[in-house]
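Biologist: I would like a close look at one part of this model. Please take me through its aromatic rings and their surroundings, step by step.

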Amino acid sequence: MTHRNALLAIHFGALMFGLSGVFGKLAESQPLVITFGRAMFAVIALSIAACVLRAGGNRPSLRQAGGLLLGGLLLGGHWLTFFMAVKVAGVGIATLGFASFPAFTVLLEGVLFRERTRPIEFAMVGLVCLGLLLVTPDFDLASESTAGLLYGVLSGLMFALLSLLNRAVTRGIDPVQAALWQNGTILLCLLPFSWTSLPTVPALDWLWLALLGVFCTGLAHSLFVASLKVLKARTTAVIFALEPVYGIAFAWWLFNEQPTLRMLAGGTLIVLATVISSRLKAPAAPPAEISVAPRRL
């Protein structure tokens, strides 16, 4: 893959990730069924990708297998709360709430990995918090915007935990295989709660679920992994900061979810904090500690 093709691939992947909320909004099914359907189609797509890419990697150890299963639970919770936010408050607020995950990553990384958090990183966390304050006009828990934002922030927290868990347990494992394990975990865990609802899923919903699983998960993740072989991780992080922009733009176009000036200002601060954080020079670390946390599927 050339550098130009890698840039195109990573932009397309960011676009696909940004469309997750749109497809979740289009689907009439409940968030639990949407999460199950996304995982089902993702398992199919990732299985095909694993056969085509034939990437190397070690078989997971018992400890790593346990970590992948736990990661599947976190990924499923992340998807479930994100789609709940979409249903309650719309794509824009849900996406911006999730975009708070870099702030959680900075704080949790310092606690769990005992890494020193620099003052500028605390400043970026403050920037994200200020952005979230602007996104919703009030903090009345009875209002849909506040409830949706809280679901989105919870989604971001679980994704931050997932990223840090992957950093700790997936070293040496092919990323596509790791994603396959985690999506398979979601599929098996939600099957007992979802199978009775499957016959009542509207026919058109199967299209949205297939697009979620194949394009927004399987293809987007595969493009992300492939582009990392050519691009620097920091470059991909900057491009993925556009994910909320894509989500808000499509929601505005398709659902007439016109963002307010406060929402645009808050979103700008959150995206700005993500871009600055991704451009900060990482502190020196031993080779064994250097790892790339996979993006949201």
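Modeller: Searching the whole structure turns up eight aromatic pairs. Two rings of Phe, Tyr or Trp (its six-membered ring) pair if their centres lie within 6.5 Å; planes under 30 degrees apart count as stacked, over 60 as edge-to-face, and the rest as tilted. Start with Phe-23 and Trp-208. Their ring centres are 6.1 Å apart and their planes meet at 20 degrees, so this pair is stacked. Phe-23 sits in helix H2 (residues 20-26) and Trp-208 in helix H10, so the pair ties together parts 185 residues apart in sequence. Helices here are DSSP runs of H or I with at least four residues, strands are runs of E with at least two, and both are numbered from the N terminus. Phe-23 and Trp-208 are both buried. Buried means under 20% relative accessible area, exposed means over 50%, and partly exposed lies in between (1.4 Å probe, protein chains only).

A word on the model. It is predicted, so local features need pLDDT of at least 70 and side-chain atom pairs count only at pLDDT 80 or more, while totals for chains, interfaces and linings use all residues. Residues are numbered from 1 along each chain as its sequence is written, and side-chain values use heavy atoms, leaving out hydrogens and water.

Now take Phe-98 and Phe-101. Their ring centres are 5.1 Å apart and their planes are at 25 degrees, so this pair is stacked. Phe-98 is buried because its relative accessibility is 2%. Phe-101 has a relative accessible area of 12%, so it is buried. Ring pairs also build a cluster: Phe-82, Phe-83, Phe-98, Phe-101 and Phe-159 are linked in it.

Thr-95 touches Phe-82, Glu-243 and Pro-244, leaving aside residues up to four places away in sequence. Contact means heavy atoms within 4.5 Å. Thr-95 belongs to helix H5 (residues 91-98). Its relative accessible area is 3%, so Thr-95 is buried.

Phe-215 lies in helix H10. With a relative accessible area of 34%, Phe-215 is partly exposed.

Last, step back to the whole protein. It has 13 helices and zero strands. Of its 297 residues, 52% count as buried. Among contacts with a separation of 6 or more, 89% join residues 24 or more positions apart.
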